[in-house]
Amino acid sequence: MGNMSVEIAGVKLKNPVMTASGTFGSGAEFMDYIDLSLLGGLTTKGVSDVPWKGNPTPRVAETASGMLNAIGLQNPGIDVFIKRDLEKLRGIDTVVMANVCGHTTEEYVEVVKRLADNDVVKLLEINISCPNVKAGGITFGTNPDAAFEVTKAIKKYAKQPVIMKLTPNVTDITELAKACEAGGADGLSLINTLTGMKIDIHKRKFALANKTGGLSGPAVKPVAIRMVYQVRKAVNLPIIGMGGIMTGEDAVEFLMAGATAVSVGTANFNNPAASVHVVKGIEEYMSKYGISDINELIGCVE
Amino acid sequence: MGNMSVEIAGVKLKNPVMTASGTFGSGAEFMDYIDLSLLGGLTTKGVSDVPWKGNPTPRVAETASGMLNAIGLQNPGIDVFIKRDLEKLRGIDTVVMANVCGHTTEEYVEVVKRLADNDVVKLLEINISCPNVKAGGITFGTNPDAAFEVTKAIKKYAKQPVIMKLTPNVTDITELAKACEAGGADGLSLINTLTGMKIDIHKRKFALANKTGGLSGPAVKPVAIRMVYQVRKAVNLPIIGMGGIMTGEDAVEFLMAGATAVSVGTANFNNPAASVHVVKGIEEYMSKYGISDINELIGCVE
Amino acid sequence: MELKSKIKAKILENTKLSEDVFSMWIEAGSMAGEARTGQFVSLYVNDGSKLLPRPISICEIDRENGRLRLVYRVVGEGTKAFSKLLPNVDSIEAVGSLGKGFPVDKTGDSVLLFGGGIGIPPLLEAVKELKKNGKKAVVVLGFRNKDTFLVEDFRKYAEVIIATDDGSLGCRGTVIDAANEIKAAEKYGITDIFSCGPMPMLRGVKEYGESRGLPTYISLEERMACGIGVCLGCVCETKEVDHHSNVNNTRVCKDGPVFLSTEVVI
Amino acid sequence: MELKSKIKAKILENTKLSEDVFSMWIEAGSMAGEARTGQFVSLYVNDGSKLLPRPISICEIDRENGRLRLVYRVVGEGTKAFSKLLPNVDSIEAVGSLGKGFPVDKTGDSVLLFGGGIGIPPLLEAVKELKKNGKKAVVVLGFRNKDTFLVEDFRKYAEVIIATDDGSLGCRGTVIDAANEIKAAEKYGITDIFSCGPMPMLRGVKEYGESRGLPTYISLEERMACGIGVCLGCVCETKEVDHHSNVNNTRVCKDGPVFLSTEVVI
Ligand SMILES: Cc1cc2nc3c(=O)[nH]c(=O)nc-3n(C[C@H](O)[C@H](O)[C@H](O)COP(=O)(O)OP(=O)(O)OC[C@H]3O[C@@H](n4cnc5c(N)ncnc54)[C@H](O)[C@@H]3O)c2cc1C
Ligand SMILES: Cc1cc2nc3c(=O)[nH]c(=O)nc-3n(C[C@H](O)[C@H](O)[C@H](O)COP(=O)(O)OP(=O)(O)OC[C@H]3O[C@@H](n4cnc5c(N)ncnc54)[C@H](O)[C@@H]3O)c2cc1C
Ligand SMILES: Cc1cc2nc3c(=O)[nH]c(=O)nc-3n(C[C@H](O)[C@H](O)[C@H](O)COP(=O)(O)O)c2cc1C
Ligand SMILES: Cc1cc2nc3c(=O)[nH]c(=O)nc-3n(C[C@H](O)[C@H](O)[C@H](O)COP(=O)(O)O)c2cc1C
Ligand code: FES
Ligand code: FES
């Protein structure tokens, strides 16, 4: 079998398949369903300095080949996350990326500081793009100056490589990517969800209590592929690509567009073992075409 | 049966169902499949001052619950459009909206002038949002100042109400909507397609010769509904909503979000009679819930 | 440790019980062996545009033959597709069994069960197991009208009282009205309450049980995305800070769907 | 005027012809009555995530019984789904018949037909109709290897010459090699050429026919979205300005798929 390992900002993944934040709990929940060590990495649910309660329900809705969510970043806060959730992942042979959220630069920095000396966490993913948080969050993600500033502030304290996670809800994603690069980011994750809405016409109500939510799943894959391709042409940072990956073939499409690794999100809800199936699907693709090193595929379509 | 007629900028439609530009040819092609007079209106393919050849093939690709297209606005030019295509629609009892494209303000204005005295055309839809044209087009659609200027220029010569068609590929669609309103637009159409990309991993090539294309179909409906809702809150113009309408229920969702009329696009490719089925589906919804006037539904979800 | 996985379960039976309610038996193998009363399974629609699971409660468990019975109402496109599956020809994808069910082993001698509409099915396995454990079960079932379902199944294991909205069968009114009419809790020396049904009914049951100081277990519904406790889509507010989430929200899919009425805010 | 509409056609037969090629008969009613040789139908996949039609050429027309034969190769998810449809149980949605076919009524006495791979099926109805019109048909069929299909069907109506890429059957090489080997055009006094197959083959056929001054009809393939001439997705470049489009592009779905080789730039 060919080499499947890739490197993101100096961190080696045994294969390019990670899981997407918010769709994989704190990781440990999946131990009933898959062997986590088969994954290149996993990303934990966004964590903030204090516990967040999130939005009222309904928080999720199905859409054509996709779904909307407005969880509102409910999380137990950094204390419980470090003491309980990360400890469950200690010793598991996969790269743990902690996803960080906040309303203000200070809140992000606080979490990053707390994680700096934690040796379970190998990568930080900074969510400056969640559309479900009213204050802070979204403005960082759509304003290049703010994205630059928050990246710089985080880099001052971070001990792990910093992956900035970008929103697709912008006119030109390359501007944001360049701002993060200028701020010192070690990599980029894209895409977060597209802002969407659904109305229940029988109840004459919004399907989500929050009215709007984030669209994910195969429906958004073409947008994600386009953005990965654009960003790869615009910056020199490794990209973790995501948005609608269901199969190994979808993952290969992201690699060819320019992603060094991929994250599997919504697919985990369709099948708890989806991420492992993606790994197997890539293997099959490689052996079918006799690919000896997966790195050959990365950005191979010009 | 309840009243189904709505009014867009002073033009009365017998029902709110129109067809989307570029998915309905010049209209006459559908006479083999449906009775055009059952529709509230139809929109013709984008027309420019001179014939445009469009992009190389492949121009279309299927995606999950959607499709990508990069036709590149191939059209026979305004002369043939007026002399041949519009004449075929003369006498048909439905509202004809002509969709206009151009690379520059002058080109738009030229087409609008030529259509000014044509009595088959009852509405003008100005496509400032096609992502498949390299020059001009897309910059109007993403820049509020340019959108304002082109609207103003067009309004000077237009004799029919001017509906500006907006792109969803922007950070804040309400800015564009407001700019068009300030420029004198009589209504807005949204959404045009989301820019996307697909890679054929077996051939290691882009699925479209143009690399990127416009994503349409049910996949994008949540984004479209969100934007219709946002725009309705931001301006006082009637909205023609579109993006993924397959059924009468989808159309009702757009009405509830704030659209006064809707356009059926990609669904025409799934079934040439889709637009008529949408009309029937709305009728069924109205009778099921005893709605006496469809206008009650418009924007009824707050 | 054996990993749980999505299975492709053969449809063994799929029959209509009432106007829009269907009963399906599926071949679930070890999933049936591990199933607990009050748990649910996630069923998937065989259509690429519908990605999320449809949570359906377990109505009966045939552990020996590895079979599960699921009773569902056709309300949308997914359940409509289920209703068209052909026995012995088609299969259905399923993940399960999921969640925490009714504490059939921990009750007192006499359990009063309230079921409303499509909340009725999970109570069937509960009464079967209560009876097996030598306990008395009294069931109050609420329907819209006399187009009922599962009533005869319940009669095999429990005393059944019926309430209908339109009075066309049994007591006219709610299940609480019916229980009050015969002073059920008192008459049967009830020690515990189980309930599943629409939210207004559950609120009534909570009040009924708590005012009598009875442990009252209610099965909740919420929109789900994962069904396995990882997305935080399906939460219900809690009185106390939840052990898992560290906020006043608990996951219906993982920590429920059955909760003690005093734990949750409904 | 009767409107055309999407029909739900019953599957009458769906059998495997070779490793990945299947033959399907569908009940198409009046669609079969109006079908012309060389036209195609748009088939739809019964899955909400797949919206676009799969264009499949008509292989045989049974006008009397309102049936159409479609022969297809499994190349992706749509055709894979077709291959699983059960005769007499399942149906398939179809729009058609579409496009302009082969001019079977306008040829001279002796037609040479070149078919390559999955381009072979539409030529079957063509040879049947040529024969019915009292004309001679000579067919050169190109396959990858000896895993062929439809050959016996062709033999009923025409002389058949076979070429395979690997030489495991008939002439080793292309259909043009095979035709040249026996000087087919000259030997049979060929008056017209029909062809369908992969682009490199069509280019060879175009050269073969044009160099001999023979009217050469080629059936083209292009990615389609509508199949009915309204989206301009499926164009092919033309020598002259196209009557419909007013530019040098013509619609494969509506003005083709069969074109005179001298009209198009391939
Ligand atoms: C724990 C639990 C147990 C359940 N047990 C049963 C049962 O035994 N029998 C039964 O008939 N129904 C049960 N339901 C409700 C059932 O899940 C929904 O009716 C079903 O998912 C509707 O799917 P649909 O595709 O037909 O409807 P659609 O409206 O088309 O579904 C669209 C989406 O909304 C979700 N959804 C729709 N209605 C509900 C609902 N009421 N609750 C949660 N999600 C919903 C679907 O899962 C899907 O993701 C249960 C729900 C929960 C949460
Ligand atoms: C006029 C015409 C006639 C045809 N006749 C036949 C026939 O008789 N037998 C046969 O086996 N095949 C025929 N084809 C090719 C056939 O349409 C494709 O193989 C089929 O659409 C593939 O669908 P899929 O879902 O299996 O593949 P996927 O690759 O999953 O399809 C994805 C999308 O691409 C389109 N697509 C994929 N391949 C092609 C292709 N080669 N041409 C056009 N669109 C394509 C599909 O329609 C679909 O929209 C014909 C094509 C055309 C244009
Ligand atoms: C239920 C849900 C919760 C999510 N929560 C987070 C989150 O906490 N932080 C974050 O950066 N992204 C979050 N996301 C976005 C995903 O990580 C991912 O970027 C997006 O869903 C696209 O990938 P997918 O289409 O594979 O799901 C969430 C997505 C979903 C569906
Ligand atoms: C093949 C194709 C061609 C299109 N051409 C045009 C066009 O010429 N002018 C225009 O304004 N929009 C064009 N559009 C966009 C549609 O009018 C519509 O805005 C979009 O497809 C969303 O609607 P839908 O999801 O119902 O298709 C085109 C869309 C498709 C799919
Ligand atoms: S549905 Fe995902 S946590 Fe319950
Ligand atoms: S496929 Fe639409 S014009 Fe041919």
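Where does Lys45(A) lie? In this predicted model, local features need pLDDT of at least 70 and side-chain atom pairs count only at pLDDT 80 or more, while totals for chains, interfaces and linings use all residues. Residues are numbered from 1 along each chain as its sequence is written, chains are lettered from A and ligands numbered from 1 in the order in which they are written, and side-chain values use heavy atoms, with hydrogens and water left out.

Lys45(A) is placed in the loop between strand 4 (41-43) and strand 5 (60-63) of chain A; strands (E, at least two residues) and helices (H or I, at least four) are DSSP runs numbered from the N terminus. With 15% relative accessibility, Lys45(A) counts as buried, a term for under 20% relative accessible area (1.4 Å probe, protein chains only). Beyond its neighbours within four places in sequence, Lys45(A) is in contact with residues including Ser21(A), Asn99(A) and Leu232(C), contact being heavy atoms within 4.5 Å.

The unreviewed UniProt entry lists Lys45(A) and Thr193(A) among the positions of a "binding site"; such annotations may be inferred rather than shown by experiment. Thr193(A) is found in the loop between strand 10 (187-190) and strand 11 (194-197) of chain A, and is buried at 10% relative accessibility.

In chain D, seven strands form an open sheet in the order 4-3-7-1-2-6-5, with antiparallel pairing; two strands pair if DSSP finds at least two bridges between them. The edges are strand 4 (54-57) and strand 5 (60-62) of chain D, each pairing on one side only. Strand 3 (residues 40-44) of chain D is joined to strand 4 of chain D by four bridges, and Phe40(D) stands opposite Ser57(D).

Key: Buried means under 20% relative accessible area, exposed over 50%, partly exposed in between (1.4 Å probe, protein chains only).
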